[in-house]
Amino acid sequence: WSEITLSGDRLPPLQRAAMCVVSGTLYIHGGVSNGVETTELYAVDLSTRSCSHVQTSGDAVGNRAGHALFALAGCDVLCVWGGHESEADVWQLTLADRIWARLPSTSSGDRRGGRRGDRRHRVDNRPPALSGHSWWFDHEVQQLSLV
């Protein structure tokens with residue numbers, strides 16, 4: 001391992017932030033910085049090693065940590081799911097216009113509360129499976145469908 005020196009905006013120290021890569025850019029969302037949960041979004045261009053704070057608009061996603069961040073296959077859309085003390089909500093950010101929107105729940109299944117340690121797992125191009133645990137429930141896996 002070796003430390004990568006980044007130019008541009010300074011990344012704050014973060015714990016339990018969510019990350020994913022889209023088209024050669026590492027997106028880092030939320031996490032805990034200096035003991036406080038945040039909703040900030042950063043983009044790190046992996047080829048130029050430059051970091052930028054991403055200004056977004058739209059509905060407020062809310063501060064969160066221990067959540068999942070993933071990209072939808074074949075498009076420039078990021079999704080946020082769950083996190084410590086949050087609802088089991090799903091948010092999307094279209095990278096072209098940088099507008100957050102909460103996705104409505106169309107699930108007829110069990111929508112339990114927020115998750116900690118949320119992770120996303122993709123197999124082929126199927127919708128992601130999301131896993132995590134809460135104070136009340138054991139670790140579980142849920143399938144997400146955004147159609």
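A polar contact here is a pair of N or O atoms within 3.5 Å; within protein, one must be able to donate a hydrogen and the other to accept it, and residues adjacent in sequence count only if both atoms are side-chain atoms. Keep that handy for Thr38, whose side chain has a polar atom 3.1 Å from the backbone nitrogen of Glu40. What you're looking at is a predicted model, where local features need pLDDT of at least 70, side-chain atom pairs count only at pLDDT 80 or more, and totals for chains, interfaces and linings use all residues. Numbering runs from 1 along each chain as its sequence is written, and side-chain values use heavy atoms, with hydrogens and water left out.

**The sheet**
- An open sheet is built from 5 strands in the order S1-S5-S4-S3-S2, with mixed pairing (strands are DSSP runs of E, at least two residues, numbered from the N terminus; two of them pair if DSSP finds at least two bridges between them).
- Strands S1 (7-8) and S2 (18-22) sit at the edges with a single partner strand each, so one side of each has no neighbour in the sheet.
- S2 pairs with S3 (residues 25-33) in the antiparallel sense, over 5 bridges.
- Val22 stands opposite Thr25 in S3.

**Around Thr38**
- You'll find Thr38 in strand S4 (residues 36-45).
- Thr38 is buried, at 14% relative accessible area (buried means under 20%, with a 1.4 Å probe and protein chains only).
- Leaving aside neighbours within four places in sequence, Thr38 is in contact with Leu14, Gly30, Gly31, Asn63 and Arg64 (contact means heavy atoms within 4.5 Å).

Definitions and conventions:
Helix = DSSP H or I, 4+ residues; strand = E, 2+ residues; numbered from the N terminus. Buried < 20%, exposed > 50% of the residue type's maximum accessible area, 1.4 Å probe, protein only.
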